[in-house]
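I opened this notebook to keep track of what I looked up. The entries follow the order in which I went through the model.

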Amino acid sequence: MAGGDTAHIRQLLIDLLAAYNAGDAEKITECILPDWSVFGGRDQFVPGGDRERLQAAFASGFRTDLHWRHLYVRLYGRIAIATGYLGGQVHMPDGRVLEDTWKFYKVWLKKEGKWCMASDDELPPASPPLLPTSGDRQEIT
């Protein structure tokens, strides 16, 4: 079932990003654990897993136009780690537009038979030599 779980998490990531791009707070919070965390989230505007907070963020002008690149998923039993690149635009409520490519990781936990995101982080752009090249990773683009 490992291949099935890998494909399932990949689809969850695709659906999650589509929900962010559509401003769908309900869909976003369906697959995020209530105690989900974002590294460094206290210091910046990063909507968490709270549906009302997300709805307020979207209502205040927060929106995204993002896409995945080089999406990888590794399974470790009931834990999965997704890595890759996230590119496009983030429109902040104060009118700023952030346009870039971010390296990301997302940690998923299989809890009561359901995969849920437990933690994630987006990092500044990585230089091309940092792209995964070893044969032990499986690209699922």
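**Entry 1: terms and ground rules.** I take buried to mean under 20% relative accessible area, exposed over 50%, and partly exposed in between, with a 1.4 Å probe and protein chains only. The model is predicted, so I note that local features need pLDDT of at least 70, that side-chain atom pairs count only at pLDDT 80 or more, and that totals for chains, interfaces and linings use all residues. Residues are numbered from 1 along each chain as its sequence is written, and side-chain values use heavy atoms, with hydrogens and water left out.

**Entry 2: overall layout.** I counted helices and strands as DSSP runs numbered from the N terminus, helices being H or I of at least four residues and strands E of at least two. The protein has three helices and five strands. Along the sequence I read the pattern α-α-β-α-β-β-β-β. The chain has 141 residues, and 39% of them count as buried.

I then looked up contacts, meaning heavy atoms within 4.5 Å. Among contacts with a separation of 6 or more, 55% are between residues 24 or more positions apart. For the surface I used accessible areas from the Shrake-Rupley method with a 1.4 Å probe, where for residues only the protein chains shown count as cover. The protein exposes about 8100 Å², and carbon and sulfur atoms supply 52% of that area.

**Entry 3: the core.** In soluble globular proteins, nonpolar side chains tend to be buried together. I looked for a nonpolar core, that is, a set of buried Ala, Val, Leu, Ile, Met, Phe, Trp, Tyr and Cys residues joined through side-chain atoms within 4.5 Å. Which residues of the largest nonpolar core touch the most other members? They are Ile28 and Trp108, in a core of 29 residues. The elements that give two or more residues to this core are α1 (2-22), α2 (25-30), α3 (51-59), β2 (63-76), β3 (79-91), β4 (97-111) and β5 (114-123). Of these, α1 gives the most, with seven residues.

I followed Ile28 further. Leaving aside neighbours within four places in sequence, Ile28 is in contact with Leu16, Ala19, Tyr20, Leu54 and Phe58.

**Entry 4: cysteines.** I searched for disulfides, each a pair of cysteine sulfur atoms within 2.5 Å, and the structure holds zero. Cys31 is buried, at a relative accessible area of 8%. Cys116 is also buried, with a relative accessible area of 8%.

**Entry 5: salt bridges.** Side chains of opposite charge can pair when their charged atoms come close. I took a salt bridge as a side-chain nitrogen of Lys or Arg within 4 Å of a carboxyl oxygen of Asp or Glu. The whole structure has four salt bridges, and I wrote up some of them.

Glu30 pairs with Lys27, with the closest N and O atoms 3.8 Å apart. Both lie in helix α2, three residues apart, about one turn of the helix. Glu30 is partly exposed at 41% relative accessibility, and Lys27 is partly exposed at 36%.

Asp94 and Arg96 meet at 2.8 Å, N to O. Asp94 is exposed, at 54%, while Arg96 is partly exposed, at 44%.

Is the pair of Asp120 and Lys106 buried or exposed? Asp120 is buried at 3% relative accessibility, and Lys106 is buried at 4%. The closest N and O atoms of this salt bridge are 2.5 Å apart. The pair links distant parts of the chain, with Asp120 in strand β5 and Lys106 in strand β4, 14 residues apart.

**Entry 6: backbone angles.** His70, in strand β2, has a positive phi of about 50°. His70 is partly exposed, with a relative accessible area of 28%. Glu112 has a positive phi near 55°. Glu112 sits in the loop between β4 and β5 and is exposed, at 79% relative accessibility.
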